[in-house]
Amino acid sequence: MEASAPIYAANRSSVLEFVLLGVTDKRGLQLLLFGVLLVTYTLTLLGNLLIIALTLADRRLHTPMYFFLRHFSLLEMGFTSTVSPQMLAHLLAARGAISRHRCFAQMILYFTLGAVETLLLAVMSTDRFLAICWPLRYPALMTPRVCSSLVLACWAASLLALPGLFAWMLSLPFCGPRVLNHFFCDSSPLLELICADTRLLQLVAFLVAVCTLLIATLITTLSYGCIVSTILRLPAAGGRSKAFSTCSSHILVVSMSYGSCIIMYLNPTQTGRLGLNKGIAFFNTTVSPLLNPFIYCLRNQLVHTVCRDFLLRGRELLSKIFRA
């Protein structure tokens, strides 16, 4: 027993870095994926930056709906930036090594930002419910102070629920081959490298995920149930069409976000589903953040008008600079 203790301690301290297997090991596909991902990541940043710039620059977009959308775009940029730059570097270098500390930091950022996004989507659903179902009381209810408090509440809930789980997981000994069957440091492959019983940890993590997603899904479902009921009672077809158009983009984003989270994390045993989780996580971290700016702006006439005015002002400014 005494002889095994130093060996156990050595194994625990020997894992100073992990090796990420990535999406593929074929060099041609890695370079192709690097090019595609570089374009996707650049467009994601530009699309979300455009939403942030428009909602800050134009007073017509100084409403609670666009206040929350601006914060959602900031979260999307942070969420995809926790994964995409490192994946680009690994694809280009054909080497997936990542230090233990960077790996843990990536996991913490990924889950914290993801949890805040999940709760913020529920807040955005509530905002749409109040705007459509209680239009006369809406300005008094959704004041700037209330909007800021709701965003802070999303952050507070995430920061209260998750650090205990992170500390528990990182206190356990890691050993084994150091190889993660993933393209970033997700919790599922990391749990497989822990040389201790993780059943209780996985159960607690599952309960936290259930509570977070259940609360967010329940709020969203109730909000849109009331919204649909109110819209169907509107006398004019034009009013119904406008209301549905406003909400359809948010419903699509919520469906993608909640659906992927439910498939990946609402399972008491997180290990053994790495292939499926990897595919969904790739969509969630690279494709979904790219689609969201287009989904929110594609059918929004006000955003089209503001964007057109923004471009015209930019063109006029450039013309004056070149004439001078």
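User: How many disulfides are there?
Analyst: The count comes to two disulfides, taking a disulfide as a pair of cysteine sulfur atoms within 2.5 Å. This is a predicted model, where local features need pLDDT of at least 70, side-chain atom pairs count only at pLDDT 80 or more, and totals for chains, interfaces and linings use all residues. Residues are numbered from 1 along each chain as its sequence is written, and side-chain values use heavy atoms, with hydrogens and water left out.

User: Which cysteine does cysteine 103 pair with?
Analyst: Cysteine 103 forms a disulfide with cysteine 185, the sulfur atoms being 2.0 Å apart. The pair links distant parts of the chain, 82 residues apart: cysteine 103 is in helix H5 (residues 100-133), and cysteine 185 is in the loop between strand E3 (179-180) and helix H9 (187-192). Helices (H or I, at least four residues) and strands (E, at least two) are DSSP runs, numbered from the N terminus.

User: What is the handedness of the disulfide of cysteine 103 and cysteine 185?
Analyst: The torsion about the S-S bond of cysteine 103 and cysteine 185 is about -120°, so the disulfide is left-handed.

User: And are those two cysteines buried or exposed?
Analyst: Cysteine 103 is buried, with a relative accessible area of 0%. Cysteine 185 also counts as buried, at 0% relative accessibility. Buried means under 20% relative accessible area, exposed over 50%, and partly exposed in between (1.4 Å probe, protein chains only).

User: What about cysteine 175, which partner does it have?
Analyst: Cysteine 175 forms a disulfide with cysteine 195, and their sulfur atoms are 2.3 Å apart. Cysteine 175 lies in the loop between helix H8 (163-171) and E3, and cysteine 195 in the loop between H9 and helix H10 (199-232), so the pair ties together parts that are 20 residues apart in sequence. Cysteine 175 is buried, with a relative accessible area of 18%, while cysteine 195 is partly exposed at 30%.

User: What pattern do the disulfides follow?
Analyst: Counting bonded cysteines along the chain, the pattern is 1-3, 2-4.

User: How many residues of H5 are buried?
Analyst: In H5, 28 of the 34 residues are buried, so the helix is largely enclosed by the rest of the structure.

User: Which residues have the most contacts inside the largest nonpolar core?
Analyst: Those are Phe18, Phe68, Leu120 and Leu190, in a core of 83 residues. The largest share of this core, 19 residues, comes from H5. A nonpolar core here is a set of buried Ala, Val, Leu, Ile, Met, Phe, Trp, Tyr and Cys residues joined through side-chain atoms within 4.5 Å.

User: What does leucine 190 touch?
Analyst: Not counting residues up to four places away in sequence, leucine 190 touches Phe18, Cys103, Phe104, Met107, Met169, Phe174, Leu180 and Cys185. Contact means heavy atoms within 4.5 Å. Two of those names, Cys103 and Cys185, are the partners of a disulfide described above.

User: Switching to charges. How many salt bridges does the structure hold?
Analyst: The structure holds four salt bridges, each being a side-chain nitrogen of Lys or Arg within 4 Å of a carboxyl oxygen of Asp or Glu. One of them joins the side chains of arginine 60 and aspartate 309 (2.8 Å, N to O). Arginine 60 lies in the loop between helix H2 (27-57) and helix H3 (64-81) and aspartate 309 in helix H13 (residues 301-323), so the pair ties together parts that are 249 residues apart in sequence.

User: Which other pairs meet in a salt bridge?
Analyst: Among them are aspartate 127 with arginine 128 (3.0 Å, N to O) and arginine 199 with aspartate 197 (2.8 Å, N to O). Aspartate 127 and arginine 128 are buried, whereas arginine 199 is exposed at 64% relative accessibility and aspartate 197 is exposed at 53%.

User: Last one: what does the secondary structure come to?
Analyst: The protein chain has 13 helices and three strands. Of its 324 residues, 46% count as buried.
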